[in-house]
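Visitor: I am new to reading protein models. Could you walk me through this one and tell me how each description is reached?

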Amino acid sequence: MNDTTSSSGPRTSLTLLGTGAMGTALGRAWLAAGHPLTVWNRTPERTAALTAEGAVAADSAAAAVAANRLVVACLLDDASVGAALEDADLAGRDLVNLTTGTPADARARAAWAAERGARLLDGGIMAVPPMIGTPGAFVFYSGDPELFEEHRDTLAVPAGTEYVGADPGLAALHDVALLTGMYGMFAGITSAFALMREADVAPKDFAPLLVNWLNAMAGQAHGMADRLTSGDYTSGVVSNLAMQVAGTGTLLRTAGEQGVSPELITPFFDLMQRRLADGHGTEDTTGLVELLSTRRPAGAR
């Protein structure tokens, strides 16, 4: 492994496979911090932005891997990782896979890397390219804990690091779980703006009201976590399921009056009604988690 020394100490050299929008953002952060960088992309022209800033372009993925012990992949999908590394000698390499995939993809890729003599960390990037290098960006990491500790400082250059466990699939699972929560929130935001669209209220005036309300309600996640941990879904409930289901009719009638489809929220309402029909009216909505499991015992609703 080659290092460059600056006034603040040595900088680990690394290889970056993939120079799309995210890969380029990551590469720029490492270059700006003084890390020698070798890059490769399936379309060679797409490495130009980074080579203009000091990166060295390799003519093949195998050559890029051979250049450094630390190899970061930020490619299209898991299949692209396998294809790019098919002819590379991975023995002794530390592979950090920042390619979006499923938990099963990550576990299979870790086993695949181990068979080839490499250690692997899987990562889930919680940022869009413009956020890289800013305080709000972070990456979930899971897999070999020693590998993470060894390269923690280098990995922290473009984005904060959050190690979530030795199971290689945990980073992808955290990534998808947070994105799922995000899209559920977007569904609510979309429905709310649709309801207000024909009212004499400027969207810019409504937006801060919506944001403040959602921020206040987001704290309910802590209470849900406590209930899921204890298994007690009824103690201390302020707005129980029976009360909430009764109130959904007003929301649906209002949507009808405003000429707005309720299709983004009715699936959640349907779950609420099912849980209520099963006799759980004194709970809050935590019990809906039970209904979403596809691995419930035979005969369970």
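Visitor: What is the order of the eight strands in the open sheet?

Guide: In this predicted model, the order is E5-E4-E3-E6-E7-E8-E9-E10, and the pairing is mixed.

Visitor: What makes E5 and E10 the edge strands?

Guide: Strand E5 (56–57) and strand E10 (160–165) each pair on one side only, so they are called edge strands.

Visitor: How do you know that E9 and E10 pair?

Guide: Two strands need at least two bridges between them to count as a pair. Strand E9 (residues 138–143) and E10 have five bridges, so they pair, and they do so in the parallel sense. One of the bridges links Val139 to Thr161 in E10.

Visitor: Which strands does helix H1 touch as it packs on the sheet?

Guide: Helix H1 (residues 21–32) touches strand E3 (14–17), strand E4 (37–40), strand E6 (70–73) and strand E8 (119–126). Contact here means heavy atoms within 4.5 Å. The direction of H1 makes about 165 degrees with that of E3.

Visitor: How many helices and strands does the chain have?

Guide: The chain comes to 12 helices and 10 strands.

Visitor: What share of the residues counts as buried, and what makes a residue buried?

Guide: A residue is buried if its relative accessible area is under 20%. Of the 301 residues of the chain, 37% count as buried.

Technical notes: Residues numbered from 1 in each chain as written. Predicted model: local features only at pLDDT ≥ 70, side-chain atom pairs only at ≥ 80, totals over all residues. Heavy atoms only, no water. Helix = DSSP H or I, 4+ residues; strand = E, 2+ residues; numbered from the N terminus. Axes fitted to C-alpha atoms, helices over the stretch in contact; angles between N-to-C directions. Buried < 20%, exposed > 50% of the residue type's maximum accessible area, 1.4 Å probe, protein only.
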